[in-house]
Amino acid sequence: MPYHLQPTEDGSYTFFSDEFGETYHSTSGAREEAEKKFIAVCRVADRARQFGEIKILDICYGLGYNTATALETIFRVNADCRVEIVALENDREIPRQAIEKDLLQGWNAPIPEYLAILARDHRLQAGNVNATLLIGDARQTIQTVVETGFQADAIFLDPFSPTKCPQLWTGEFLGLVARCLHPAGDLATYSCAASVRTALGMAGLSIGATESVGRKSPGTIARFLPFSEPLSLQEREHLQTRAAVPYRDPTLADTAEIILQRRREEQESSPLEPTNRWKKRWQNAG
């Protein structure tokens, strides 16, 4: 099996992917990561309580933890809330393995049952929940989502890291993701990479930093509405360095190697400040 079960510090489990050389979640706590990096950042509880309906786009569904935690939060604050979820996942076996190994049993009923149905049938209609799991390359399935006109109140952007899976962090892909975000919605991701923030900005989104969870660096929140608290001076300067050169995939079909090589070449010819100079300047300032 190309992925292996691994415990995390909050008692929940994750998988380690041989293909990407990374775990699916932070080893500090898989469930904690879902709660603090995605659900809280996207104000899921407030939306469910205030509006009585919520639409969610879960990119890189994986074991289903982000969706499970969102549902548990929603059911806790408003049992009558109507929920529509669209989830994207490339490997159909990951959701199935999560169910087979009982990794969702820590969430309240009926969530494990709901997500077992979703993993098996890729569709769920139960109670107030309507969910669809689209299997395949997210660069292609996101186009299906765009075509339906789906507008998410909350987007969970949770691929493997940009250096391991650049296909899902390019300007072209994130531009399509932004088209699926409601004008008043929130997008959350664990990454604070300057390349990612630049790509989100290119898509017309405002950028903010989120609390660090399980690591020193913060995450990112993006929305069309402006932020009252912008990025720090250090973060804004980071976006003026070569680290901010975005990943590009014009045809939405290039391999990771081609995308990485293209970015290296563009960084080498970029007039932006070398990133190590920015880093030394702020280290000296500290």
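Predicted model: local features only at pLDDT ≥ 70, side-chain atom pairs only at ≥ 80, totals over all residues.
Q: What makes the overall fold of the chain count as a compact globule?
A: For 286 residues the globule rule gives a radius of gyration near 19 Å, and the chain has 19 Å, so the two agree. The C-alpha atoms fill a box of roughly 55 × 45 × 40 Å along the principal axes. Of the 286 residues, 53% count as buried. Among contacts between residues at least 6 apart in sequence, 67% join residues at least 24 apart. The secondary structure comes to eleven helices and eleven strands.

Q: Which residues have the most contacts inside the largest nonpolar core?
A: They are Leu 57, Ile 142, Phe 156 and Phe 173, in a core of 75 residues. Leaving out residues up to four places away in sequence, Leu 57 touches Val 86, Leu 88, Ile 142, Phe 150, Ala 152, Ala 154, Ile 155, Phe 156 and Cys 180.

Q: How many disulfides does a search of the whole structure find?
A: The search finds zero. Cys 165 is in no disulfide, its nearest cysteine sulfur being that of Cys 60 at 6.3 Å. Cys 165 has a relative accessible area of 7% and therefore counts as buried.

Q: How do you know on which side of helix H6 its buried residues lie?
A: The buried residues of H6 (residues 138–148) are Ala 138, Arg 139, Thr 141, Ile 142, Val 145 and Val 146. They cover an arc of only 165° around the axis, so they lie on the same side of H6. An α-helix has 3.6 residues a turn, so residues three or four places apart point the same way. The elements covering the buried residues of H6 include strand E4 (53–59), strand E5 (82–89), strand E7 (129–135), helix H7 (171–179) and helix H10 (256–268). Exposed residues Glu 147 and Thr 148 are on the face turned away from the buried side.

Q: What makes Asp 137 a cap of H6?
A: A side-chain oxygen of Asp 137 lies 2.9 Å from the backbone nitrogen of Arg 139, at the N-terminal end of H6; the cut-off for a polar contact is 3.5 Å. After H6 comes Gly 149, with a positive phi near 80°.

Q: Why is Asn 90 called exposed, and what is it in contact with?
A: Its relative accessibility is 55%, so Asn 90 counts as exposed, the threshold being over 50%. Asn 90 is found in the loop between E5 and helix H4 (93–100). Beyond its neighbours within four places in sequence, Asn 90 contacts Ile 135, Gly 136 and Asp 137. Asn 90 and Asp 137 are 47 residues apart in sequence, yet their C-alpha atoms are 5.3 Å apart. A polar atom of the Asn 90 side chain lies 3.3 Å from the backbone nitrogen of Asp 137.

Q: Why is helix H1 described as largely enclosed?
A: Seven of the ten residues of H1 (residues 30–39) are buried, so the rest of the structure largely encloses H1. The buried residues are Ala 30, Arg 31, Glu 33, Ala 34, Lys 37, Phe 38 and Ile 39. They cover an arc of only 160° around the axis, which puts them on the same side of H1.

Key:
Residues numbered from 1 in each chain as written. Heavy atoms only, no water. Core = buried A, V, L, I, M, F, W, Y, C linked by side-chain atoms within 4.5 Å. Buried < 20%, exposed > 50% of the residue type's maximum accessible area, 1.4 Å probe, protein only. Contact = heavy atoms within 4.5 Å. Disulfide = S-S within 2.5 Å. Helix = DSSP H or I, 4+ residues; strand = E, 2+ residues; numbered from the N terminus. Arc of directions from axis to C-beta. Polar contact = N/O pair within 3.5 Å; in protein donor to acceptor, adjacent residues only side chain to side chain. Rg over C-alpha atoms; globule rule 2.2 N^0.38 Å.
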